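Colleague: I have a new model open and I'd like to learn how to read it. Could you take me through a few features?

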Amino acid sequence: MLAAKNRNLRSILAGLIVRLAGLAVICALIGMFVQMVSVAYPILAPSTLAPLTSSLDDFRSGQLLEEGYALDATRGVSFSVAGDWSLEGKSGEPWFWVNSLTGFRIENTDLPTRWTAASAVGINRGVAIANADGLISHHHFLASTLPGDAPSSARAEQIDISLSVVSMAGHPRLAVAAVVSSPSTLTIVDFRNPQAQLTYPLADDASGLYWESPTKLRVFAGSIAEDFQFTTTDIGGAWSRLINPVHYEGYSAPNYLWLPLPASEEAEPKYSIAPLLFGTLKAASLALLIGAPVSLGAAIYVGFFMSQAQRGRIRPAIDMLTAFPTVVLGAIGLFWIAPVFETVLAALLGVVILFPVLITLGVFAMRGVGLRIVRLDALDDWPLKLIPLVSVVLATSAWAGMSVAASLPGGSLNAYLQQHGITIAYFNSLLVGLILGLAITPTIFSVAEEAIHSVPKNLAAGALALGSTPWQSYRDIVLPLALPGMIAAVMIGFGRAAGETMILLMLSGNTGIIDMSVFEGLRSVSASLALELPEAPKNSSHYYVLFVMGLMLFGVTFVVNTLAELIKDSVRAKTRGG
Amino acid sequence: MFLLVRFLLACIVATFCVGQAIANPERDPNNTLIIVGSDTLSGLMTAWTQEFYSQNPAISVEIQAVGSAAAPPALQQGTANMGTMSRAMNSDEVSAFIAETGRQPTEIVLAEDAVVFITHPSNPIEHLTENAIARIFGMPGTCGTNGRITSWQELSAAHPWGKTRIQVIGRTATSGTYQYFRKSALCGGDPGVFINEIPGGGGVSNTVARLPSSLAYSASTHANGDIKVLSVMDGAGEIVSPEAYDYPFKRRLYLYLATSLEDARGTAECAFLEFIASEAGVDILLRSGFDLPDEDGSLTLVGAANACR
């Protein structure tokens with residue numbers, strides 16, 4: 001009686017623990033997601049402008065004008081640019097680039113000549129010019145590429161606030177300008193996000209304003225100074241700057257750049273995540289291209305053609321490889337493959353081209369002399385018998401590849417490619433693809449093999465009994481049933497490759513370029529997170545953007561893996577029903 | 001089953017205890033020094049700490065060398081007593097510090113080193129011009145230069161490696177060396193996105209030592225016997241080696257305190273400062289490859305140690 005009671009209690013307890021564990025995992029997943037969203041969210045928050053209570057009275061705005069905070073259109077303005085050059089202008093007259101050393105004056109015809117206020121935006125980086133109708137344009141400076149030549153300017157954005165501009169102050173760091181206009185309005189125009197204007201009605205007509213710090217704006221109206229708190233992120237709420245090409249300051253055309261520069265004051269931080277997404281996709285695609293054919297081939301062989309006993313020995317061995325630490329694979333790539341990459345590439349090309357031809361010839365040649373080591377009509381071939389032939393053919397084709405490379409004009413594959421204008425980056429995408437492909441092979445193999453093996457044996461046996469060859473029975477009976485599972489396997493492999501960090505960190509070179517060439521490096525989302533997240537200042541725009549990318553990575557792997565699981569489940573239902 | 005439950009319970013209790021131990025270490029704040037910051041200075045700090053510990057075994061010192069950008073937030077949040085930086089705090093970091101603590105951080109000029117250009121010993125190149133540096137490491141047009149240099153031939157027509165690509169290597173954006181390099185060598189412009197970013201100065205040196213066609217910038221203290229340090233030809237056409245006093249890429253390294261020196265009197269911070277300003281401390285500094293900064297009115301080690309007394 002007591003024993004039964006005890007047993008009951010135990011099973012209740014066990015059930016409780018198991019349920020708790022399951023619940024904990026689900027809660028942890030949801031919690032992680034919510035946490036990441038809440039951390040990343042502020043990057044999408046719009047800029048805000050709020051008056052500060054600690055306004056200073058009795059500040060004479062006349063004094064301010066004397067100090068040159070407010071710029072006077074009729075007296076003329078001057079902004080220093082890179083080198084010895086400055087930009088000088090007076091309303092109604094053309095703008096001039098002036099060299100302080102040589103005294104050269106070169107007209108800049110790109111800037112509007114009729115204006116009421118002009119102000120530098122960022123330090124030596126650009127200028128905002130406003131006219132009486134409220135049309136404000138932002139021009140940034142481009143350094144000349146010829147020594148001694150004048151810089152030029154490029155118009156990045158034009159914003160119409162339709163108010164009569166009185167004075168304007170450019171933000172010391174960002175492409176933002178604060179404008180006071182008549183009648184008594186304060187407007188913040190954001191050239192990074194032209195749609196997002198912040199306006200604030202002032203009590204009195206303002207005469208001037210300046211930025212006391214990047215977050216604090218001081219406006220003078222009559223004898224009163226009023227302070228405003230300006231909060232913004234480095235993208236000003238324009239999330240399209242993360243994905244679309246952006247016309248960054250100092251560049252002549254819009255492009256994608258990942259240059260976060262967290263502690264810099266002079267340059268605009270650049271947060272295009274496109275190069276990183278491209279890098280992740282490129283690495284994962286190359287890894288699939290290299291890993292999928294090998295692992296699917298192995299899965300078909302082990303799952304269908306091998307006997308049960310042999311499969312029982314091979315499969316756990318390959319499954320164990322799934323747990324192989326990727327940092328070791330990265331180190332193998334870094335220390336063994338990368339230094340001899342050129343030779344590896346030549347050998348690899350030789351294998352890819354010659355191996356299928358040579359192995360076929362080899363098998364038929366051996367059959368010709370009566371050595372029937374491969375019985376094409378049997379299901380349970382033992383691959384050990386094939387090892388001598390395969391290794392000979394592998395070595396021959398690799399050797400052939402290397403000797404062809406050595407006999408190329410120039411003496412090596414590298415020199416030959418160089419003659420055709422292709423140079424290989426030491427840390428290149430193909431190297432990453434090769435090692436990453438190796439890393440995902442056991443994963444794809446495991447899932448695909450399971451899908452193939454779970455097709456009921458009696459179906460294939462029936463086909464064999466009716467006279468089809470093993471290959472025919474595989475192709476026509478097993479493959480259609482196993483195909484969704486194999487697709488799921490490839491998808492899981494893709495998800496694994498997209499989330500992989502260590503191999504990419506060690507081998508990709510972390511170069512944030514968008515280049516289709518497999519001989520160039522790449523920078524993946526995961527490697528960027530590993531490199532930058534530990535050091536990104538907390539609650540900085542850089543930090544938020546990194547979390548946005550983390551969220552994207554989480555999302556991609558989650559969706560891909562869930563889809564793969566769904567596909568696998570549908571197969572299971574189908575095969576069971578069949 | 002019962003065993004399993006007991007095991008699980010034991011695990012939970014153990015985890016809790018370990019967590020408690022990590023979260024609330026029994027520390028005497030006066031006898032613990034946590035130094036967070038620059039990777040460049042990590043070797044020097046370690047050497048100092050070892051010697052300091054042998055003299056003051058009662059004070060324990062912890063060093064976390066993640067990068068200069070880590071120092072200001074750590075000081076601000078009180079998770080570190082001292083911060084080391086291979087650049088000065090910028091105005092944003094200073095104002096964030098003041099906003100959080102209501103105090104000004106104490107800045108001490110610790111030492112001087114240089115950003116050097118390093119390559120494989122087998123590379124025949126001896127020096128780089130400032131123009132070439134901008135064209136190799138910068139985005140196109142950096143410092144008003146025209147066009148990138150991508151091969152050794154373009155750098156020097158007589159170079160035996162011809163069209164072989166220059167494998168450009170650099171530090172990550174959070175490193176102080178990267179920040180300093182941007183400001184001084186690239187006229188504040190953008191470093192090329194094509195630069196291979198390797199975490200840590202030691203990592204850069206090791207990669208260069210393995211890779212013949214590489215060219216990298218690094219802190220002079222990370223240079224070792226396996227790599228070749230290049231001279232720089234300055235604007236006047238003079239070739240200057242990093243040891244020379246007029247080398248263009250010399251920089252100062254800083255130590256930051258969360259408190260003022262007056263408040264630090266009698267604490268572990270001051271004991272450490274007095275040690276590193278002593279003869280033994282300066283000796284370690286020089287042996288680690290750093291120089292003493294020139295006097296120019298800013299607070300140096302000696303000044304800080306005097307203020308402590």
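Colleague: Let's start with a sheet. How many bridges join β3(A) to strand β4 of chain A, and do they run parallel or antiparallel?

Modeller: One thing to keep in mind: this is a predicted model. Four bridges join β3(A) to β4 (residues 95–99) of chain A, and the two run antiparallel. For one spot to look at, find E88(A), which stands opposite F96(A) in β4(A).

Colleague: What links those strands, and which residue there has a positive phi?

Modeller: They form a hairpin with five residues between the strands, and G92(A) takes a positive phi near 90°.

Colleague: Which residues of β3(A) are on its covered face, and which are on the uncovered one?

Modeller: W85(A), L87(A) and G89(A) make up the covered face of this strand (residues 85–89), while S86(A) and E88(A) are on the uncovered one.

Colleague: Where is C187(B), and what is its phi?

Modeller: C187(B) is in the loop between α7 (176–185) and β7 (196–197) of chain B, and phi there is near 55°, also a positive value. With 18 C-beta neighbours inside 10 Å, C187(B) counts as partly exposed.

Colleague: Which residues does the cis peptide bond join?

Modeller: S182(A) and P183(A), with omega about 0°. You'll find P183(A) in the loop between β11 (176–182) and β12 (185–190) of chain A.

Colleague: Stepping back, how many helices and strands does chain A have?

Modeller: Chain A has 15 helices and 18 strands. Its radius of gyration is 34 Å, well over the 25 Å that the globule rule gives for 578 residues, so chain A is more spread out than a compact globule. Its C-alpha atoms fill a box of roughly 105 × 90 × 40 Å along the principal axes. Buried residues make up 41% of the chain's 578 residues.

Colleague: How many residues does each chain bring to the contact between A and B?

Modeller: Chain A brings 44 residues and chain B brings 38. On the chain A side, α1 (2–40), β17 (258–259) and α14 (525–532) each supply at least two residues. That side has 25 nonpolar, 13 polar and six charged residues.

Colleague: Which domains does the assignment give for chain B?

Modeller: Domain 1 (29–112 + 251–308) and domain 2 (114–250). Their C-alpha centres lie 29 Å apart, and 15 residues of domain 1 of chain B are in contact with 15 residues of domain 2 of chain B. The domain 1 side of that contact has three nonpolar, eight polar and four charged residues.

How values were computed: Residues are numbered from 1 along each chain as its sequence is written. Chains are lettered from A and ligands numbered from 1 in the order in which they are written. This is a predicted model: local features need pLDDT of at least 70, side-chain atom pairs count only at pLDDT 80 or more; totals for chains, interfaces and linings use all residues. Two residues are in contact if their C-beta atoms, placed from the backbone, lie within 7 Å. Ala, Val, Leu, Ile, Met, Phe, Trp, Tyr, Cys and Pro count as nonpolar, Asp, Glu, Lys and Arg as charged, and the others, Gly among them, as polar. Domain bounds come from an automatic or database domain assignment. A residue is buried if 20 or more other C-beta atoms lie within 10 Å of its own, exposed if 12 or fewer, and partly exposed in between; C-beta atoms are placed from the backbone. Two strands pair if DSSP finds at least two bridges between them. The radius of gyration is taken over C-alpha atoms; the globule rule is 2.2 Å times the number of residues to the power 0.38.
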